[in-house]
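This briefing is for a reader who is meeting the structure for the first time. Please look through the sequence and the model before going on to the notes below.

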Amino acid sequence: MTDLPQTAPRADADVPARLPVRPGLHGLEPYGAPQLDVPVRLNVNENPYPPSAAVVADIAAAVAAVGPELNRYPDRDFAALCTELADYLRAESGADLGADRIWAANGSNEVMLHLLQAFGGPGRSVLSFAPTYSMYPEYARDTLTEWVAGRRSPNFSLDLDHVLAEIDRVRPAVILLASPNNPTGTALPLEHVVAICEAARTTGPAGADGPAASVVVIDEAYGEFRREGTPSALSVLPDFAHLAVARTMSKAFGMAGARLGYLAAAPELIDVLRVVRLPYHLSAVTQAVALAALRHREELMAQVASLRAERDGLVRWLRERGLQVAESDANFVLFGLFADRHSVWEGLLDRGILVREVGPEGWLRVSVGTPTETAAFRTAMEEVLER
Ligand SMILES: *Cc1c(COP(=O)(O)O)cnc(C)c1O
């Protein structure tokens, strides 16, 4: 029999243990749009078209095929996936990319986190322009990077003079720009991307060998929905070693549930991301699902053209009702202005339509759904406007 060591009771024996929550995280709520079970969900910019039975069958077969190897760690470098993603980007935007210029992770949210883990950090800042994607400040917080937000013009475009002045003033390690921007739908002209990349060559943190560049991240999560004549930042990727263009399979591709985001950048930039990623971060199942989905890219992307047309129709319809609507190159539309946007949001919800209460005060954002869903939204809107 062993005796427990005899110790005097500690003075603080009755004090309940408190968690050593990191400063800055106290009392914070996790990010996330409400996931409500309503008939028409137009709140998170998903593709409304589910994958076909043929796509589902191929995904199931691909997962079954990796099953017998799940005792092994997956391909850490997801080489086959990089090849297919490069091939897809070549077809989608004409960008001439090799597999060595592709990086992927569990959603482009994780890609962004890798970027800030690699290039941000204490004493460094990330610069963006509001209103923009509400997750960006959270990546900054989680990587102890200072978040600095300049402003967008009243029509939500970027004022290049203001952007260049802010870059000069802030000297950010990372410049984070969504194009098309969420929640406004605004795309960035290619001349602005080029001007920003040129300005950012020496505006980053100072090091022993002089100032580094600011890494310019163009988040093209909605890139495939851009209107005719709006180019992708991918077309200037070969000119800048400090440019990264992020994409995702969550939106146009209709694979939000698969969690696969990626970016294109110079191999030297990607080598730094490899340092901070968790080992084997892309599971064998994720890789198999993404590869199977990419084999069906034509079918999965077939709805993009009709979603674009549906979006343009929705913009016209809202404007005909006398509402303000931001120009949109995405699969959603920001519209307003409402003295009480919450009551409009609620009025729509009462009629089974979930939109997003996001963006500047007075505006609401609606995702483009199927023609049936959009029609239901229009009917509900008319009723709410007539109240
Ligand atoms: C939806 C969205 C993403 C995509 O996130 P995933 O993690 O790939 O699903 C990225 N950026 C913006 C601005 C978005 O709206």
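At what angle do helix H1 and H8 pack, and how far apart are their axes? Helix H1 (residues 53–66) and H8 pack at an angle of about 145 degrees, with their axes 9 Å apart; axes are lines fitted to C-alpha atoms, for helices over the stretch in contact, and angles run from 0 to 180 degrees between N-to-C directions. This is a predicted model, in which local features need pLDDT of at least 70 and side-chain atom pairs count only at pLDDT 80 or more, while totals for chains, interfaces and linings use all residues. Residues are numbered from 1 along each chain as its sequence is written, and side-chain values use heavy atoms, with hydrogens and water left out.

**Domains**

- The chain is divided into domain 1 (40–52 + 299–385) and domain 2 (62–295), with bounds that come from an automatic or database domain assignment.
- The C-alpha centres of domain 1 and domain 2 lie 26 Å apart, and the contact (heavy atoms within 4.5 Å) takes 24 residues from domain 1 and 23 residues from domain 2.
- About 2,100 Å² is buried between domain 1 and domain 2, with carbon and sulfur atoms giving 60% of that area; buried area is the accessible area (1.4 Å probe) that two parts lose on being put together, summed over both.
- Leu300, Met301 and Asp329 supply 31% of the area that domain 1 buries against domain 2, which is more than any other three residues.

**Helices packed against H8**

- Helices (H or I, at least four residues) and strands (E, at least two) are DSSP runs, numbered from the N terminus.
- H1 passes H8 in a right-handed crossing; a crossing is left-handed if the near helix is turned anticlockwise from the far one by less than a right angle, and right-handed if clockwise.
- On the H1 side the contact is made by Asp58, Ile59, Ala62, Val63 and Val66, and on the H8 side by Ala284, Val285, Ala288, Val289, Ala292 and Arg295.
- These residues of the contact of H1 with H8 divide into 9 nonpolar, no polar and 2 charged, where Ala, Val, Leu, Ile, Met, Phe, Trp, Tyr, Cys and Pro count as nonpolar, Asp, Glu, Lys and Arg as charged, and the others, Gly among them, as polar.
- Helix H2 (residues 79–93) packs with helix H8 (residues 284–295) at an angle of about 30 degrees, their axes being 10 Å apart, which makes H2 roughly parallel to H8 (angles under 35 degrees count as roughly parallel, over 145 as roughly antiparallel, 65 to 115 as roughly perpendicular and the rest as oblique).
- The crossing of H2 and H8 is left-handed, and the contact is made by Ala80, Leu81, Glu84, Leu85 and Tyr88 of H2 with Gln287, Ala290, Leu291 and Leu294 of H8.

**Helices H10 and H12**

- Helix H10 (residues 303–320) and helix H12 (residues 371–386) pack at an angle of about 10 degrees, with axes 11 Å apart, so H10 is roughly parallel to H12.

**Backbone geometry in loops**

- Most residues other than glycine have a negative phi, and most peptide bonds are trans.
- A cis peptide bond with omega of about 15 degrees joins Asn182 and Pro183, and Pro183 has its place in the loop between strand E5 (174–178) and helix H6 (190–199).
- Another cis peptide bond joins Gly336 and Leu337, with omega of about -15 degrees.
- Leu144, a residue other than glycine, has a positive phi near 55 degrees.
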